[in-house]
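Work through the exercises below with the model open beside you, and try each task before reading its solution.

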Amino acid sequence: MGSDSDTNAPISLDLVKRAPKVLLHDHLDGGLRPQTILDLADEIGYRGLPADAASSLAAWFARTARAGSLERYLETFRHTVAVTQTAEALHRVAYECALDLAADGVCYAEVRYAPELHVERGLTLPEIVEAVLAGFVAGERDALDNGHRIRIGVLLTAMRTAMHSRRIAELCVKYRDRGVVGFDIAGAEAGSPPTRHLDAFEYLRHENAHFTIHAGESFGLPSIWEAIQWCGAERLGHGVRIMDDISTAPDGKPVLGRLAAYVRDRRIPLEMCPTSNVQTGAAESIATHPIGLLRRLGFRLTVNTDNRLMSDTSMTHEMKLLSDAFGYGLDDLQWFTVNAMKSAFIPFDERLAIINEQIKPAYAALMAGDIAPQPGMQ
Ligand SMILES: [Zn+2]
């Protein structure tokens, strides 16, 4: 558990950007560049876009995503999915995703998407997976040439409202040595509990494969409980509604219910996405986001973007918002970052190498630079 450091002065945007960050919850189809959407729509003759200039298109996505409901928020994906139905388009958005995250100071990311949403123009599931993987590899390589080292692991998502989860889970296992590191289910929670996909989760457990589950975002404790105790989720996508199991004693102290205690005590990582949570109504504001209390209670928290386009955000922006709201300093950012890296789905020795060789030395240098001028700079 880190220090409760709300006495720290908020840190500058530049410093947050330079600090290494780890991202576990980011949707590929939620992070397209607005200009890329326009280009791709042009190429395939898609006429459904609500705007024809990059700035107004970006504004439309941000405005619609702020509508305050998960269902409305999910509607925006109709367009990003419509323009990513070819191998070239998927390669391009994955490539640009790697470059954008690297430029934002992200050193490790797990990016997820649902292959089943990209078959409209005849692509097969393996073709989709391979196009995205190749795009990420090309992006990692060019980012490194630009001086940014990033590694990206892919999570394959199954839509919880559909019935393809078993097939997608099999795809995860098939590609697990080629860059796919885990599985997830996503989409509207109400009416589609995780146990609908028990078959996929049991298969993955038998195959010793990793998975997270979107749970506790728009729907409450039963969804979290099923995800963990029935399905065996290693992490929770969002999980903010765990707050429903934390009450306040007459003396003002927080009291954890059995499920909240289990999540904390088993160190189950929560993939928190502050801006997205406010936009979908899962949290009221950044200032009152559960992350503040959950951090003090010692939950294993990670900070994430969810959908950079819809939420008009980045890892730097999310960290900066939290720093401003809760007075988090570089030590807190490092705590979130190490937490996320520990919770990643790549092998333990590789996680440790990124923590010890990239994250910790970079934070040590930034912290040293923050309190004293660099040697030779006086
Ligand atoms: Zn998500």
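Two residues are in contact if their C-beta atoms, placed from the backbone, lie within 7 Å. Residues are numbered from 1 along each chain as its sequence is written. The model is a predicted one, in which local features need pLDDT of at least 70 and side-chain atom pairs count only at pLDDT 80 or more, while totals for chains, interfaces and linings use all residues.

**Exercise 1.** Find which residues Ile-150 touches, not counting residues up to four places away in sequence.

Solution. Applying the contact criterion to Ile-150 gives Ala-98, Leu-101, Ala-102, Val-106, Cys-107, Ala-109, Glu-140 and Ala-143.

**Exercise 2.** Describe how helix H6 and helix H7 pack.

Solution. First, take the elements as DSSP runs numbered from the N terminus, with helices (H or I) of at least four residues and strands (E) of at least two. H6 spans residues 87-103 and H7 residues 125-145, and they pack at an angle of about 35° with their axes 7 Å apart; axes are lines fitted to C-alpha atoms, for helices over the stretch in contact, and angles run from 0 to 180 degrees between N-to-C directions. Next, sort the residues of this contact, which divide into 16 nonpolar, 3 polar and 4 charged, where Ala, Val, Leu, Ile, Met, Phe, Trp, Tyr, Cys and Pro count as nonpolar, Asp, Glu, Lys and Arg as charged, and the others, Gly among them, as polar.

**Exercise 3.** Is Phe-201 buried or exposed?

Solution. A residue is buried if 20 or more other C-beta atoms lie within 10 Å of its own, exposed if 12 or fewer, and partly exposed in between. Phe-201, placed in helix H9 (residues 198-206), counts as buried because it has 24 C-beta neighbours inside 10 Å. Leaving aside neighbours within four places in sequence, Phe-201 is in contact with Phe-211, Cys-231 and Gly-232.
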